[in-house]
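Q: Hi! I've got a structure open here and would like to talk it through. Could you help me find my way around?

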Amino acid sequence: MNPSYASYNDFKNQLLAAFKTNEERMNGESKTPFHQLRRAALNQFDLLGFPTIRHEEWKYSNVSGLFKEAFVLDSTPVLTAQDLVSLEIPNLDGNILYFVNGRYQPELSHIVSPADQVQITNFAEAVKNNPELISSHFANYADYQENAFTALNTALANDGVVVHVPDNVTVEQPIILRFITDSREQNVASQPRNLVVVGKNAEVMMAESFRTLGDRASFVNVVTEIALAREARMQYYKVQDESQKAYHIGTTQVYQADNSHFYSATVTLNGNFIRNNLNIVLNGQYAEAFMYGLYMPNGRQHIDNHTLVDHAMPNSYSSELYKGILDDNSTGVFNGKIFVRPDAQKTNAYQSCKNVVLSSGASMNTKPQLEIFADDVKCSHGTTTGQLNDEALFYMRSRGIPKDEARSLLLYAFSQDVLSQIKIQPIREYLERVVTEKLGQ
Amino acid sequence: MLSISNLQAFIGEKQILKGLDLEVNAGEVHAIMGPNGAGKSTLASVLAGREDYEVTGGSVLFDGKDLLEMAPEERAAEGIFLAFQYPVEIPGVSTTNFLKTAMNEIRKYRGQDPLDAVQFLKLMKEKMKLVNIDQSLLSRSLNEGFSGGEKKRNEIFQMAMLEPKLAILDETDSGLDIDALRIVADGVNKLRSPERATIVVTHYQRLLDYIVPDYVHVLYQGRIVKSGPKELALELEEKGYDWIKAEAL
């Protein structure tokens with residue numbers, strides 16, 4: 001048996017054992033339907049195991065690096081406001097919730113929206129105090145039958161946020177989730193789980209920001225489920241700026257009813273190995289989804305974005321633009337699947353992925369997949385991967401702009417198509433700053 | 001101001017310029033004419049510093065400095081401006097932002113303080129009148145979706161903003177209708193001054209009705225084979241280039 005295989009089993013057994021330990025602490029609660037569901041998810045994880053590159057969905061993303069690190073699964077370091085200074089996003093206002101190594105930190109967090117506008121609780125508390133909401137939504141959207149990481153999260157997640165927006169309410173302040181991994185002392189794994197339920201004709205903005213402290217390895221396996229009722233509207237941003245030893249695997253699963261609108265931007269700036277799944281089911285007429293993405297790997301970073309839009313009902317609309325800037329020996333993956341079901345006539349679906357590769361050592365794999373079973377639809381897709389336009393560089397230099405400056409200006413402009421979509425201004429400004437810094441390197 | 005001697009340049013394996021000589025003094029307008037493939041655009045590109053060309057011999061002095069040693073941005077800062085035959089579309093960067101960056105980089109090179117927003121806008125308003133260009137065009141992405149005429153007008157607008165010592169117009173007349181041509185030529189003429197010089201590269205005499213040159217040079221097979229006063233352009237228009245080719249042999 002080769003060593004990597006042994007460590008694969010070690011890690012898997014460690015995760016299975018963690019579930020058992022949790023279960024033994026539960027007393028009577030292990031009989032609840034909620035726990036039975038988690039047990040089913042665990043069994044599914046056991047059955048599926050971690051995916052290898054022989055798995056079609058993981059062909060270009062090899063997770064085996066995960067097994068070379070030994071992770072602590074349940075660590076709860078205490079952070080002070082002082083520890084967070086370096087991670088601050090300037091001028092950020094609203095409901096700001098901190099999670100450290102996956103655990104909610106009430107003393108660092110601020111919930112400012114009144115409870116009649118929105119109920120924001122941590123996952124553990126919602127399981128105890130709002131079992132109806134949990135039982136009618138938890139694991140209802142994110143499929144754990146096929147995806148081992150979602151199964152693992154469904155079984156082991158013990159914290160995260162649960163947001164419930166009642167009908168006809170516009171939540172004025174955004175909800176910002178700050179997931180901080182403190183890997184200063186040890187290798188840390190966490191499994192955050194979020195659930196967002198937006199009522200009829202209600203509106204909310206939410207951002208998930210992932211950061212790390214320290215240089216040890218980290219592994220975040222996050223799942224966010226979002227259910228939008230009729231005419232609900234949501235802005236959703238996922239922002240990743242993690243360490244050079246960070247593994248991040250995440251699934252955002254969205255379920256949309258009639259006339260609902262979902263706008264998302266996924267911005268990945270740093271991390272060692274990142275896999276984002278964004279899956280949207282347009283299960284209502286005139287439902288609309290907009291997906292933007294920006295990824296900028298350098299060094300040996302690997303960033304993989306998988307998106308899936310399932311047009312299940314007629315007259316729905318989706319539009320997608322992902323952009324990548326790849327440098328050094330980094331690798332990128334974009335896989336965009338559009339599924340149009342037989343009933344989903346008059347579907348409009350547009351997909352575009354554009355990449356700039358700055359070095360001969362960097363590479364990008366793009367794969368659009370359109371599966372169309374209705375006949376009256378408009379769908380288009382396009383991917384481009386190229387170098388920075390030399391003609392544009394020369395044009396700018398001929399006007400007096402130095403080469404590095406011209407290069408940064410062109411790349412910054414390239415990123416703006418995505419960043420300009422972000423409506424939470426302090427987050428957009430923060431990203432613009434980090435993008436500028438990274439382009440200047 | 002500009003002194004080119006025995007200039008030789010290759011693109012790939014092919015020699016385009018084969019020993020070109022040219023002297024341009026402040027206050028002068030020189031027209032470079034010649035048949036297709038003579039090397040006209042190559043000359044313009046080599047002077048601006050396009051890296052696709054390899055200079056293998058000769059020298060180019062600009063105000064006594066070795067131009068060939070300079071990066072394109074240094075040449076711009078020294079006062080050279082190339083109006084492109086095919087201006088490049090730059091998505092996401094507005095003309096305003098582009099020009100502000102360019103001007104302040106040039107000012108930095110010259111040891112001057114950057115222009116603040118108020119000074120810049122004032123200058124822009126002044127120069128916009130010169131080429132009859134609309135504000136809305138300038139806040140759009142540079143050249144993106146511009147018509148041929150708008151692109152060329154934008155080139156002349158940039159030239160007016162940057163106030164170069166030596167302007168090189170590369171086939172600025174190509175793709176322009178007569179009204180656009182007149183506006184562009186008008187802009188160029190307003191910028192003429194005793195301190196500045198202009199090189200007009202063109203295939204047709206038409207542009208020279210509006211921008212009247214002091215000297216006309218015929219470029220053929222990589223060298224200047226004939227020079228004369230502005231009347232030479234008319235002669236070329238009438239007789240074509242064949243007699244020059246015959247003379248050159």
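Predicted model: local features only at pLDDT ≥ 70, side-chain atom pairs only at ≥ 80, totals over all residues.

Q: Good to know. Which way does H2(A) pass H5(A), left-handed or right-handed?
A: H2(A) makes a left-handed crossing with H5(A).

Q: And at what angle do the axes of those two, H2 and H5 of chain A, cross?
A: Roughly 145 degrees, and the axes come within 8 Å. Helix H2 of chain A covers residues 33-48, while helix H5 of chain A covers residues 148-156.

Q: Which residues in H2(A) meet H5(A)?
A: From H2(A) you have Arg38(A), Ala41(A), Leu42(A), Gln44(A), Phe45(A) and Leu48(A). Facing them in H5(A) are Ala148(A), Ala151(A), Leu152(A), Thr154(A) and Ala155(A). By class, the residues of this contact of H2(A) with H5(A) are eight nonpolar, two polar and one charged.

Q: Switching to the interface: how many residues of chain A are in contact with chain B?
A: 17 residues of chain A, and they contact 20 residues of chain B. Helix H6 (390-397) and helix H7 (403-419) of chain A each supply at least two residues of the chain A side. The largest share comes from H7(A), with seven residues.

Q: What classes of residue are on the side of chain A that touches chain B?
A: That side has eight nonpolar, three polar and six charged residues.

Q: Now chain B. In what order do the six strands of its open sheet come?
A: The order is S6-S9-S10-S3-S11-S12 in chain B, with mixed pairing. The twist averages 20 degrees from one strand to the next.

Q: Why is one side of S6 and of S12 in chain B left without a neighbour in the sheet?
A: Strand S6 (80-83) and strand S12 (223-228) of chain B stand at the edges, each with a single partner strand, so one side of each has no neighbour there.

Q: How do S3 and S10 of chain B run, parallel or antiparallel?
A: Parallel, with four bridges joining S3 (residues 29-33) to S10 (residues 197-201) in chain B. Val29(B), for instance, stands opposite Thr198(B) in S10(B).

Q: Last one: which strands does helix H6 of chain B lie across?
A: Helix H6 (residues 148-162) of chain B lies across S6 and S9 of chain B, running at about 170 degrees to S6(B).

Key: Residues numbered from 1 in each chain as written. Chains lettered and ligands numbered in written order. Axes fitted to C-alpha atoms, helices over the stretch in contact; angles between N-to-C directions. Left-handed = near helix turned anticlockwise from the far one by under 90°. Contact = placed C-beta atoms within 7 Å. Nonpolar A, V, L, I, M, F, W, Y, C, P; charged D, E, K, R; others polar. Pairing = 2+ DSSP bridges.
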